[in-house]
Amino acid sequence: MEIEAKLRKIFSGAKINLLLIKNSDEQDPNFKYLTGFTSGTFEDNFLIASRKKVSVLTSELEYETALSQAKEGVEVINALGSKKDFKKAISVIKGKSIGVNGNFLSFNDYNKIKKFKPSKIIDVGENLIKARLVKSAEEIANIRKAVSITKFAIMEVQKSIKAGMTELEVAAQVDFVMKSLGASGNSFDTIVAFGKNTALPHHMPDQTKLNNGDLVLIDTGAKYNNYCADITRTFVYGKANKRAEEMIKFVKRVQLMAIHMLKPGVDAYAVEKKIRKYIDSYKGGVYKGKFIHALGHGIGLEVHDASVFGNTPYRKIKKGMTLAVEPGIYLVGFGGVRVEDDVLIDKNGAIVL
């Protein structure tokens, strides 16, 4: 997507003259969105955008890295090496109404920006989220690649795991395979859980060893060109475990139901309520109250790109959205099952990536 098209989406309805993005020790996702940079850390760098162009205020440390990646509409300024150069570059905000990302900007950085005397500082975090909800063809291609890397890594590791391995060992294998396939990193820390630990949705891998007949849950995601995947697979290792296998079969069916409901114009919150009601009523309520998180979320530059499911402002499904769909049931003391896939909303419905 061209820079001007992205800026039009962000500035639409926002009563601002300029947009200012300030990185911390991490990059604001919107810095990545507007520059397209896939290399470099850009710690504490600034981005100032008008309706026509983007200016990156960087240091000598990152200048050449930024220059080599700058597309049309992105200006790179070596401004952070001296106070004089920085004051000159930042002076464009004086007397102007500027938009900032209140979801990322720290209080300390907010106060620093005030010192350069903009007329107003307005939180345009909502505009930034909305601008990124519908993905371009390039963004979708990056997410597809991240998903394909992630799925292949899980399949490869699933074939190679053995009894006695620890959760940490399996997580390390998943991360290694993803990197070997071209992932630039992880969307989040890989979750691996065995046995009873699978009942804890965000269990972090530890020294728990794999036993025959255990439930195994792997929740992971590769990053590719800044874009995230988020995939979860749950299976039984080794000998049959009838109760666990029935749970897996049920959750897969629930996920398929949810995916079939997702179409342009549909209310994602209404879909989630239907799915929750179905789970709660199944077999007289055997799993009532055991689905303890959202049905899913948006996915893109962030692994939780937007809270599309739930009672949020972004719940109306649109063509071009990319979503993670992840129903799950969790029985403390026994184990849990989650199945997660990333989907693209097409004109006719959801396509599993």
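Let's start with a polar contact. The side chains of D219 and R338 are joined by one, at 2.9 Å. Keep in mind that this is a predicted model.

Where does D219 sit? Look at strand β9, residues 215–220; D219 is part of that strand. Is D219 buried or exposed? Its relative accessibility is 5%, and buried means under 20%, so D219 counts as buried.

Now, the neighbours. Leave out residues up to four places away in sequence. What does D219 touch then? The list is F188, T190, I191, D230, I231, T232, R338 and E340.

Next stop, helix α9. This helix covers residues 242–261, and H260 lies in it. H260 has 56% relative accessibility; exposed means over 50%, so H260 counts as exposed. How far apart are H260 and V339? In sequence, 79 residues. In space, 15 Å, taken from C-alpha to C-alpha.

On to the aromatic rings. How many aromatic pairs does a search of the whole structure find? The search gives 10. I'll show you two of them.

One of them is F31 with F37. Their ring centres are 6.2 Å apart.

Y282 has a relative accessible area of 19%, and the limit for buried is under 20%, so Y282 is buried. Y287 has 9% relative accessibility, so Y287 counts as buried too.

Which residues form one aromatic cluster? They are F250, Y278, Y282 and Y287. Find those four in the structure above.

Last topic: charges over rings. Take K6. Its charged end sits over the ring of Y33, 4.6 Å from the ring centre. Then take K22. Here the ring belongs to F46, and the charged end of K22 sits over it, 5.5 Å from the centre.

Quick recap. H260, in helix α9, is exposed.

How values were computed
Residues are numbered from 1 along each chain as its sequence is written. This is a predicted model: local features need pLDDT of at least 70, side-chain atom pairs count only at pLDDT 80 or more; totals for chains, interfaces and linings use all residues. Side-chain values use heavy atoms; hydrogens and water are left out. Rings of Phe, Tyr and Trp (its six-membered ring) pair if their centres lie within 6.5 Å; planes under 30 degrees apart count as stacked, over 60 as edge-to-face and the rest as tilted. Buried means under 20% relative accessible area, exposed over 50%, partly exposed in between (1.4 Å probe, protein chains only). A charge sits over a ring if NZ of Lys or CZ of Arg is within 6 Å of the ring centre and within 35 degrees of the ring normal. Helices (H or I, at least four residues) and strands (E, at least two) are DSSP runs, numbered from the N terminus. A polar contact is a pair of N or O atoms within 3.5 Å; within protein, one must be able to donate a hydrogen and the other to accept it, and residues adjacent in sequence count only if both atoms are side-chain atoms. Contact means heavy atoms within 4.5 Å.
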